[in-house]
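Student: I have a new model to read. Please show me how to go about it.
Tutor: Gladly. We start with the whole chain and then go into the details.

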Amino acid sequence: MAMEITQFLLAAQSADARVRTEAEGSLKQFQEQNLPQFLLSLSFELANNEKPSESRRLAGILLKNSLDAKDSGRKELLVKQWCAIDLALKSQIKELLLRTIGSSVPEARHTSAQVIAKVASIEVPQKQWPELVGSLLSNMTQQESPAHLKQSTLETLGYVCEEISHHDLVQDEVNSVLTAVVQGMNQAANNAEVRLAATKALLNALDFSQTNFENEMERSYIMKMVCETACAKEPVIRQAAFECLVSIASTYYEVLEQYMQTLFELTAKAVKEDEESVALQAVEFWSTICDEEIDRQEYDSPDTGDSSPPHSGFIEKALPHLVPMLLETLEKQEEDQDHEDDVWNISMAGGTCLGLVARTVGDGIVPLVMPFVEINIRKPNWRSREAATYAFGSILEGPTIDKLAPMVAAGLEFLLTATKDENNHVRDTTAWTLSRIFEFLHTPDSGFSVISPQNLPRIVGVLLESMKDVPNVAEKVCGAIYNLAQGYEDAGASSSLLSPYLTEIIQHLLAAAERTDGPESKLRSASYETLNEVVRCSNLLEASGIIGQLLPVIMVKLGQTMDLQVVSTEDREKQAELQASLCGVLQVIIQKLSSKDETKPIVMQNADQIMMLFLRVFGCHSSSVHEEAMLAIGALAYATGAEFAKYMPELFKYLQTGLQNFEEYQVCSITVGVIGDICRALDDKILPFCDQIMSLLIQNLQSDALHRSVKPPIFSCFGDIALAIGGHFERYVATALQIMQGAAQVCAQMDTLDEELMDYGNQLRRSIFEAYSGILQGFKDAKAELMVPYAQHLLQFVELVSKDSLRDESVTKAAVAAMGDLADVVGEKIKPLFSNFTFCGEFLNECLDSEDDDLKDTARWTQGMIARLMVT
Amino acid sequence: MAPHDLRRPFKRRPISDQQKRRDLSLLRQSQHRSDAQQRARNLASSVISLQSSSSPDVDPETLSEPMPDVDTAGHESEASSFSIRQASSLRGPEARKWFASQLMLPEWMIDVPENLSRDWYVLARPAGKRCFVVSTDGVTVSRLRNGSVLHHFPSALPGGARKKGVSGPAQSYSILDCIFHEADQTYYVIDMVCWRGYSLYECTAEFRFFWLQSKLDETGACDPPSFYHKFRFSVVPFYNCDQSGLHSAYTGSLPYVKDGLLFYNKHAHYHTGNTPLVLIWKDERCSQYVIDTDNNGQVPSQQHIVLELQDDGKIVTSDDPPVVVNCLNADFVKQSGLSPGSLVRFAIGDGGLNCVDGKFEKADLQYISVSNRARAFADSYSKIMFQYMARRSPLKVEDLASMISQENQQDKLPEVEMSD
């Protein structure tokens, strides 16, 4: 029987910490000792209108937390626990919850609706709560149902729809739910609360309505109701209706044609005169249409030859009306929108949408926007100037270079001068527009740039001057320099053009990074990130001296972070963030300098000190391993080669910690990659550490708690280790191969319709082949016979992959290579196998016909290996 | 249940630099992994690629790629250029050895050859990386002397870019001997080995230079870089080695930094390996690197040379046949852990070198160490001697000029006699 727990629930919210802790302890004890009774007691508490709202609220929260958790491992445990509870007791709980949505207390109804959805998320897919939908619908159909019950019922239906998939319901149920929801939106029959709940429920039910949207009558009825609701008297309801339209725009783009005229009128009116919250949704509707059309255009690239989903050209058709509507929003800026991160207003939304429209239609937007730019850009009112500049900046992506180049060339000097505008906004947007110009119209690599040796000095001069502007402007200038530098990457002879300015640019960036007048550390991060790009894109032979001088400067800065006073967690985070930026710069410098034999010695001379710094960074953060430092260590290992061995004794414990960091799986993944780097640097000197590394890697592969994206890199790392230690891999071979075969099995059973899963599948398959290649080549001289028992399975796996037409080219390459390795290394003993697997020839021919030279080379090599085997 | 977030990125780059760093690291790691695996595969692949044109071991049906036409030139040379294409897939030490042996390598000029003005061209060598540039199948690959790929790029060379309507038959390929000049990112072509599948190995330098001059430009390879043509090519100007030619090459202003003068005998074929028919000469005025520097870029006080240890304890140059410089005693070899084939670095002591007729009579050598592994070959006789002279009594440009003027007078003498 349920227990009386009101006192505990109230005490757990006491201001007195002692009382609170004690009550929390008691509740926890109750939960651990008897979960079913605990949940039942909470349900009674929530259902009981006599109880204080505070205890009911906490009861609801505890119920929710007993059914769902963000962490997937915990969630799985909670589901198991719920399923294990006695059926009768669960029925009792569900009864209580359904009763509570009829409560007179709004908060209890709302909480109960959420808890019902959580239970539904577990039980509906398993068909264990068949009466749920019926019971909710009866609330809607019974004449005597009070409005508040209908409202909570609709809310519950919405939440339930959000939690489950439409495969979990039969079409009849879907129809009934949808009917109830749409009827709830009826203005004549319902009060505002019910209509709001119904409109919000529809938003969640839209995903369920595929079949209904295919049927023109049903679809038009739903659309009519949504459009009517979008004109409701109450702004919150209008907003909810527009949210539905946004969702419909992305989910049901194909069937919108017949409603577009109405939708344009509705949205135009909302953008022009409705409250901002509604107008924002109306703009978002058009942004979403752009997203859809851009997607379709990209998908439709003639290379792929895939049949693409229909493109209705809505934006193209609406263009003459849409663009003026958006331009009008641009002058409604807020005074301080450039300083705050969480601002989102109509002018920002309108400008963003304008940029998407430009990407959708290309050249067509230019004549519609340029008159607005020309009229407004010199006006005395800053709003006009800013709006004109923003409009200009927005249309730089999408139209062709031919169309844009004359305008940009003509406007560039004006913009450079505008970096001195009296208004902060105008300067901010001007700097942003410059950065867009350099992003899209400065690609000397492909033969075009608005920047010439003649105007470069002026441009650099202006940018460096503007780096001293207020922080928000300086940050945009960093972006401009970033793109400016990027254009010169791999740009042949033009890559020298920036060389004379590097020293000055770097000095200004370092100075900006030191500034303390900005909020948080945005300018600092932007400065360092730009510094990275400047280093990455520089002409190394000309810049090696400058980069060589930058190295000790950054090392000193990183050293100084260790002396920062760290008292609070916030201090600790700030220190870590600064260290991240500096380690990032070091990583980029190391990578750049070690890319050429001439400059590598600069890294080598400093390697000891750099490594010492990284170890000290690790030492600052006991709980986890610093991600950026780890990345940089990978680069250092590559640069130093075998000499890296001397760092291993100190470094190893951090590698172990990194491998065990499941929570921040990026860190784990990076550590795995760095181990690969170290293997290549050390060859068999990695051997003393291999037992521990391999056992951690194997544990990781077997763990469900580790994010799956880390698993493919681990297989690749097997290959790296095997190649480094050669025959010594013998002791791991049985375990490693067993897991590889298991993973290959998993690949074979993957759902090929799930795109994200297929991406993962491709990575996994490639990495398994890489593991095979590493192990085979590692065994080549000594232990080739160890791989004989696995040859058949490998070839079966290759065959399976060869028959998958959706496989990625990188998977093909890895598969072909592994097959060649097998022939090369194991040879004679498996000759009959190759005769049995007849797919080989066909697969090789397919690869030899590929456009990809690397793949062709690999296939040719494999063909040779097999041929050699067959004729000897 | 959370409200739909409307905000879109505003005035922001879509990708963070940190993500970029991660991605670039992953890219680097996967590149290195594939290089490492490729290296491991190489020993086998070299066997196949290098023998495929002659080896009967391989079932011809498994070689899908048809052999290029063999009707244009001598069979042997064709096979040789064909293997360059094939060997383009080699990496590591095998590739290094193989490629090094495919380039024509000049001897160092230690005395002035006869008939300079009549039989030789002179050109100013661009400073930079010597490489083979092979264009075929829509891609152009340049490889350094050590076999490593310098660039993989589209070019306007025949078959050098994946571009419709241009280039010739699919099997057409061209091979140029180039120096890549970093500062202006240009490939300076110093010789043409193969053009549109036509081998020039057996052609005289005179013909190759003429062909180079007339063919390269018409492809557009000398145009500025563009999307289908990533690097500019340029022909190095060459002159008859008379007074004015020598003067032009030596003092003339050129778009590139000079690194010495190259002399080509007009009648010489493209000979792989060291040849006395191409000579390199340097002085301080036309080269930054006359006297060898050590690994730190310093000129050591004594001249360092690298020699190869033979089975019998003799230490020899890289020439074919090798020139014996000295002999190490067996105990020393044992103590120092040297083995036959080792490349050993010595300093030349105060006793210096003494040689007669291309042989060393006496050499005062001081053992330094085993040479680093990056080196594939010992020094040649001519290099050792050029460096030796450069430190003591260098061959000056005046010596070259006076040789030319003597030759001119000799040429004129008969005329005088006839008119007499």
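This is a predicted model: local features need pLDDT of at least 70, side-chain atom pairs count only at pLDDT 80 or more; totals for chains, interfaces and linings use all residues.

Student: How many helices and strands does chain A have?
Tutor: Count the elements: 41 helices and two strands.

Student: What share of the contacts in chain A joins residues 24 or more positions apart?
Tutor: Take the contacts with a separation of 6 or more. Residues 24 or more positions apart account for 72% of them.

Student: Now a pair of helices. At what angle do H35(A) and H36(A) pack?
Tutor: Read the angle together with the distance between the axes. H35(A) covers residues 730-748 and H36(A) covers residues 755-779. They pack at about 155°, with their axes 10 Å apart. Angles over 145 degrees count as roughly antiparallel, so H35(A) is roughly antiparallel to H36(A). The crossing is left-handed.

Student: Which residues of H35(A) and H36(A) meet?
Tutor: On the H35(A) side, they include Val733(A), Leu737(A), Met740(A) and Cys747(A). On the H36(A) side, Leu764(A), Ile768(A), Tyr772(A) and Phe779(A) are among them. By class, this contact of H35(A) with H36(A) has twelve nonpolar, two polar and two charged residues.

Student: How do the axes of H35(A) and H37(A) cross, and within what distance do they come?
Tutor: H37(A) spans residues 788-802. Its axis and that of H35(A) come within 11 Å and cross at roughly 25°. Angles under 35 degrees count as roughly parallel, so H35(A) is roughly parallel to H37(A). H35(A) passes H37(A) in a left-handed crossing.

Student: Which residues meet in H35(A) and H37(A)?
Tutor: From H35(A), Ala734(A), Gln741(A) and Ala748(A) are among them. H37(A) brings Tyr790(A), His793(A), Phe797(A) and Leu800(A). The classes in this contact of H35(A) with H37(A) are eight nonpolar, three polar and no charged residues.

Student: What about H34(A) and H35(A): at what angle do they pack?
Tutor: H34(A), residues 711-725, packs with H35(A) at about 150°, and their axes are 12 Å apart. H34(A) and H35(A) are therefore roughly antiparallel. Their crossing is left-handed. Phe715(A), Phe718(A) and Ile725(A) of H34(A) make the contact with Tyr732(A), Ala736(A), Ile739(A), Met740(A) and Ala743(A) of H35(A). That contact of H34(A) with H35(A) has eight nonpolar, no polar and no charged residues.

Student: Let us go down to single residues. Is Cys478(A) buried or exposed?
Tutor: Compare its relative accessible area with the cut-off. Cys478(A) is buried, because its value is 1% and buried means under 20%. Cys478(A) lies in H24(A), residues 471-487. Leaving out residues up to four places away in sequence, Cys478(A) touches Met467(A), Leu509(A), Leu523(A), Ala526(A), Ser527(A) and Thr530(A).

Student: And where is Met225(A) found?
Tutor: In H13(A), residues 216-229. Met225(A) is buried, with a relative accessible area of 6%. Beyond four places away in sequence, Met225(A) touches Val182(A), Met185(A) and Asn186(A). Met225(A) and Thr199(A) are 26 residues apart in sequence, with 9.5 Å between their C-alpha atoms.

Conventions. Residues are numbered from 1 along each chain as its sequence is written. Chains are lettered from A and ligands numbered from 1 in the order in which they are written. Side-chain values use heavy atoms; hydrogens and water are left out. Axes are lines fitted to C-alpha atoms, for helices over the stretch in contact, and angles run from 0 to 180 degrees between N-to-C directions. Helices (H or I, at least four residues) and strands (E, at least two) are DSSP runs, numbered from the N terminus. Angles under 35 degrees count as roughly parallel, over 145 as roughly antiparallel, 65 to 115 as roughly perpendicular and the rest as oblique. A crossing is left-handed if the near helix is turned anticlockwise from the far one by less than a right angle, and right-handed if clockwise. Contact means heavy atoms within 4.5 Å. Ala, Val, Leu, Ile, Met, Phe, Trp, Tyr, Cys and Pro count as nonpolar, Asp, Glu, Lys and Arg as charged, and the others, Gly among them, as polar. Buried means under 20% relative accessible area, exposed over 50%, partly exposed in between (1.4 Å probe, protein chains only).
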